[in-house]
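Please find my notes on this model below, as numbered points.

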Amino acid sequence: RPAALRPGREEGMTGLFSSLYELLPMQGELAGILLLSLFVSGVAILVSMLLGVPAGIFLGLHRFPGRAFLVTLVNTGMGLPPVVVGLFVFLLLARSGPLGGLDLLYTPWAMVLAQVVIATPLVVGITLAAIQGLDARLHLQILSLGASTGQLYWKLVKEARLSLVAALAAGFGSIISEVGAVMMVGGNIKGQTRVMTTAIVLQTRQGEFGNAIVLGAILLALALGINWLFTWVQQRQKA
């Protein structure tokens, strides 16, 4: 019985290596899929950091009516289902939607918008927690030295930089592996909006499990490499 199973194992390994060969950049569209994945998620996390870090600092420093409600929205947004985000962005960009005239649906920019909506609450929430974790007297001391609001925010960013790197890693990790929202607004169009996650779904639906496994391994390796870089930066700053 075990001897009869061995050829199947060898055939399975051969199939995986064959799938890997077929998915090499010179053999197909893998390079384009990888580049588009990095472009969409890279632009999205950059926009999310530009929006989320100042918002998190503002919520962490100021007390005003409705602040508790905004913080509740941020905490809720950190666990927002991606398919709900995809539906919201789809309706926003559809021909009959408020932004339908921009003709962005089924383009990489629609995918960027969906990922920004997913990542921004994470960045805001982690930044807010980081600011609240600082000494409450720090920002008063900075202001007493004559710092402007912009200088205050920059100083707090430097003080909370380790947490902000964690926000960057968490936000990027949440969107590079996201599939539901980007498929709804991007359409998984070959050569235009197909990214790593949607390519894995397509290969699985077609029964090409070897290709799907190889693409999944590449995506995991990509995420591991990027998060290793974030961790290296974080630990270097700590040292």
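1. The side chains of Thr198 and Asn188 are joined by a polar contact of 3.0 Å. A polar contact here is a pair of N or O atoms within 3.5 Å; within protein, one must be able to donate a hydrogen and the other to accept it, and residues adjacent in sequence count only if both atoms are side-chain atoms. The model is predicted: local features need pLDDT of at least 70 and side-chain atom pairs count only at pLDDT 80 or more, while totals for chains, interfaces and linings use all residues. Residues are numbered from 1 along each chain as its sequence is written, and side-chain values use heavy atoms, with hydrogens and water left out.

2. Thr198 is found in helix α10; helices are DSSP runs (H or I, at least four residues), as strands are (E, at least two), numbered from the N terminus. Thr198 is buried, at a relative accessible area of 1%, where buried means under 20% (1.4 Å probe, protein chains only). Leaving aside residues up to four places away in sequence, Thr198 touches Val179, Val182, Met183, Asn188 and Thr193; contact means heavy atoms within 4.5 Å.

3. Gln203 also belongs to helix α10, which covers residues 196-205. Is Gln203 buried or exposed? Gln203 is buried, with a relative accessible area of 15%. Its side chain makes a polar contact of 3.1 Å with the side chain of Asn211. Beyond residues up to four places away in sequence, Gln203 touches Glu208, Asn211, Ala212 and Leu215.

4. Helix α2 (residues 30-61) packs against helix α7 (residues 149-159) at an angle of about 100 degrees, and their axes are 11 Å apart. The two helices are therefore roughly perpendicular, a class that spans 65 to 115 degrees. Axes are lines fitted to C-alpha atoms, for helices over the stretch in contact, and angles run from 0 to 180 degrees between N-to-C directions.

5. On the α2 side, the contact is made by Val53, Pro54, Ile57, Phe58 and Leu61; α7 supplies Leu152, Tyr153, Leu156 and Val157. These residues divide into nine nonpolar, no polar and no charged.

6. The protein has eleven helices and zero strands. Of its 239 residues, 38% count as buried. Among contacts with a separation of 6 or more, 72% come from residues 24 or more positions apart.

7. The protein exposes about 13,500 Å², of which carbon and sulfur atoms supply 67%; accessible areas come from the Shrake-Rupley method with a 1.4 Å probe.

How values were computed: Angles under 35 degrees count as roughly parallel, over 145 as roughly antiparallel, 65 to 115 as roughly perpendicular and the rest as oblique. Ala, Val, Leu, Ile, Met, Phe, Trp, Tyr, Cys and Pro count as nonpolar, Asp, Glu, Lys and Arg as charged, and the others, Gly among them, as polar. Buried means under 20% relative accessible area, exposed over 50%, partly exposed in between (1.4 Å probe, protein chains only).
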